[in-house]
Number of protein chains: 2
Amino acid sequence: MFNVQLSFTNATIFQFSSSFMVQHHLQLAAASSHGWLRATPSDGHSETSVDKRWDSLAFNPVKTDYIYVMKSCKDGSFSNGGLRHYGNIEISPSAAVLNYGQGIIENLKAYKNKNGSIILFRVEENGLRMRVGADRMCMPAPTIEQFVEAVTSTVSANERWIPPSNKGFLHVRPLLMGNGPVLSLTPAPEFIFLIYVTPVRNYFEPINVVVENDIHRATLGGVGNIKAIGNYAGIMKAQAKAKANGFSDVLYLDSIHNRNLEEVSTANVFFVKDNTISTPVLGGTILPGITRKSIIEIAHSQGFKVEERLVPVEELFDADEVFCCGNAVCVLPVGSITLNGKRVDYGESGFVVSQQLHSALANIQMGLIEDKMGWTTLLN
Amino acid sequence: MFNVQLSFTNATIFQFSSSFMVQHHLQLAAASSHGWLRATPSDGHSETSVDKRWDSLAFNPVKTDYIYVMKSCKDGSFSNGGLRHYGNIEISPSAAVLNYGQGIIENLKAYKNKNGSIILFRVEENGLRMRVGADRMCMPAPTIEQFVEAVTSTVSANERWIPPSNKGFLHVRPLLMGNGPVLSLTPAPEFIFLIYVTPVRNYFEPINVVVENDIHRATLGGVGNIKAIGNYAGIMKAQAKAKANGFSDVLYLDSIHNRNLEEVSTANVFFVKDNTISTPVLGGTILPGITRKSIIEIAHSQGFKVEERLVPVEELFDADEVFCCGNAVCVLPVGSITLNGKRVDYGESGFVVSQQLHSALANIQMGLIEDKMGWTTLLN
């Protein structure tokens with residue numbers, strides 16, 4: 001069985017763990033220091049000379065070749081979408097997305113298998129989730145068929161940016177936003193659907209997490225269960241504080257009791273105790289992650305008992321393992337959790353379950369094992 | 001003493017009240033039906049032939065002459081700001097504002113007095129609030145001096161768009177946003193400060209409000225107390241439902257007990273009982289409105305007792321008057337409130353206190369009475 005680089009020996013994990021504490025878990029190893037990414041300080045992007053040196057991949061925006069753009073019609077349908085050369089877009093200063101945050105995002109990944117075929121993972125699920133989110137935000141959305149076609153088209157056009165699967169993948173970011181001008185608080189008269197892609201590296205190192213007591217990422221009756229852009233900037237302050245204190249990321253609690261687990265900043269959270277894997281139940285504040293859903297199905301198939309329920313934070317201190325999961329990180333072990341100054345370390349067991357679930361999912365996504373779940377789409 | 005047109009007779013108020021129920025309180029009287037606003041469906045703006053027909057003003061985006069643009073430097077300071085002809089801006093698809101909602105707004109107004117001088121209202125307060133909001137959202141911000149200078153410059157350059165004060169005012173919208181590209185959730189590497197202006201009409205008609213039970217606009221530990229763009233799109237769904245049911249706007253309750261008043265969609269709320277005026281206390285979820293603050297000071301000076309405290313929604317049913325206030329609406333009486341199908345109508349007293357406070361504030365803002373509070377800045 002193929003293993004993801006850097007992943008599957010405890011020695012390697014701990015080597016990364018100690019140096020990782022003060023850095024964001026997705027921004028290790030500034031690629032520019034390797035000399036092959038030409039920084040362009042004028043716009044903050046990196047420009048990459050493709051097809052070599054994939055070892056230097058990080059998790060930064062890269063100017064790839066093409067973006068996909070499609071606009072809404074008056075009846076709320078979308079049409080005439082197509083590829084454009086990568087570049088800035090034009091937008092009105094009074095666009096609803098800039099003034100009132102009317103925008104949602106999605107995250108997907110594309111790997112390349114050993115035969116050179118491109119693999120997409122559960123892309124229809126992302127298209128469906130975008131439609132659910134759009135409805136909550138009073139936006140029209142592309143159909144699932146349009147979504148899948150747009151992702152396929154964008155990934156194929158940027159094929160040369162897909163790393164070898166043992167190095168990384170193509171991160172795919174669809175955006176849907178109100179770009180038409182408004183003055184009062186009202187949905188935009190026009191919407192734009194856009195996709196851009198960036199090559200990023202695989203990732204599997206334990207992160208050190210601090211539990212946040214003051215800042216909450218969501219509330220009942222809010223938009224925490226969709227990928228609204230407004231969910232994210234409000235937690236940057238907690239992340240910044242955590243990093244300043246030497247942590248990798250933040251674990252948020254519910255906003256009513258300040259006790260039950262919600263999410264890590266941009267990932268769902270799970271814990272393992274004996275043969276049971278538990279994760280916060282979807283109750284309106286938690287993102288229904290597609291990786292979360294996949295991990296639950298894999299865990300079931302591997303004989304674990306899976307519980308979706310309210311999880312008081314104290315339970316983590318008795319856990320065998322804690323991990324989070326999301327599109328970019330797949331499954332990421334939590335090396336330690338700190339709550340009110342009390343730190344609990346995990347990993348004595350070698351993150352066996354986290355590794356096992358990571359392998360099972362990553363190997364499907366990379367095309368290294370047969371996809372018995374029917375989750376992948378092959379291009380070419 | 002000068003009175004704002006349409007405002008101060010009960011007959012006029014009730015005439016508007018009945019026809020107003022099914023429309024948004026800031027979008028009455030589609031100006032294009034008057035024939036002098038040339039609709040440009042391609043971009044959703046209206047183009048106005050200025051200096052005539054101010055009677056047709058609405059609350060829609062208008063292409064005025066100039067916007068103000070200033071970018072951040074690497075050290076977080078802002079410099080080299082200046083005016084540009086009104087038009088679209090360019091932005092990266094991976095800008096932090098588009099992907100993670102890293103943006104805040106402000107609202108101000110500029111009137112013209114009978115001598116032709118331009119009047120700004122408490123502009124330093126907006127500059128300060130933008131700095132507080134920026135800090136919460138991990139953004140650098142212009143200094144208060146830069147903010148005031150930018151507003152002054154933008155309003156002066158668009159002077160011909162300022163309506164006569166009995167017709168309307170120039171709505172001033174500063175934006176601060178992360179326009180630099182990011183991939184992971186992290187503050188943008190570059191920020192843009194932008195101001196645009198639009199002429200809008202004065203407004204004083206009672207609105208019919210419905211209390212929302214399911215959707216909340218803010219939570220403790222969130223960003224409801226700053227003007228984060230993400231606060232707004234999440235409540236469009238509640239507004240749309242309210243309008244579909246014949247209401248003008250929505251009153252939100254706290255997200256924990258679903259009982260205490262928070263805000264109307266984009267305005268603070270007050271109620272009057274005998275000689276006491278009460279409003280929800282600022283506790284982290286409520287915007288510290290500059291109009292709110294001004295009304296509290298005016299009410300004190302007029303001999304009212306003012307209470308800032310938790311206000312259970314039931315208290316509204318025993319109120320003499322209810323009003324909301326904000327930059328655009330100044331003071332706006334609430335004609336009725338509906339909670340769980342139970343409707344209470346106000347206005348038998350003629351909205352006397354609402355009118356009194358509206359006059360006191362509006363007359364200062366329009367330069368019709370001496371500004372003993374030191375709140376206004378005269379240009380020219």
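**View 1. L98(B) and its contacts across two chains.** Setting aside neighbours within four places in sequence, L98(B) is in contact with I91(B), S92(B) and P93(B) of chain B, and also with chain A residues including I89(A), I91(A), V97(A), L98(A), I105(A), L175(A), M177(A) and I229(A). This is a predicted model, so please read the views with that in mind. The largest nonpolar core holds 188 residues, and L98(A), F193(A), L98(B) and F193(B) are the ones that touch the most other members. In soluble globular proteins, nonpolar side chains tend to be buried together.

**View 2. How the two chains are related.**

**View 3. Helix α7 of chain A.** Spanning residues 290–301, this 12-residue helix reaches 17 Å from first C-alpha to last, close to the expected 16 Å. Its buried residues include I290(A), I295(A), I296(A), I298(A) and A299(A), along with R292(A). Just after α7(A) comes G303(A), with a positive phi of about 95°.

**View 4. C324(A) in strand β17.** Here you can find C324(A) in the strand made of residues 321–326 of chain A. C324(A) is buried, with a relative accessible area of 2%. Leaving out residues up to four places away in sequence, C324(A) touches several residues, among them I207(A), V264(A), N268(A), C330(A) and L332(A). P206(A) lies 118 residues from C324(A) in sequence, with 9.9 Å between their C-alpha atoms.

Note on methods:
Residues are numbered from 1 along each chain as its sequence is written. Chains are lettered from A and ligands numbered from 1 in the order in which they are written. This is a predicted model: local features need pLDDT of at least 70, side-chain atom pairs count only at pLDDT 80 or more; totals for chains, interfaces and linings use all residues. Side-chain values use heavy atoms; hydrogens and water are left out. A nonpolar core is a set of buried Ala, Val, Leu, Ile, Met, Phe, Trp, Tyr and Cys residues joined through side-chain atoms within 4.5 Å. Buried means under 20% relative accessible area, exposed over 50%, partly exposed in between (1.4 Å probe, protein chains only). Contact means heavy atoms within 4.5 Å. Helices (H or I, at least four residues) and strands (E, at least two) are DSSP runs, numbered from the N terminus. The expected span of a helix is 1.5 Å times one less than its number of residues.
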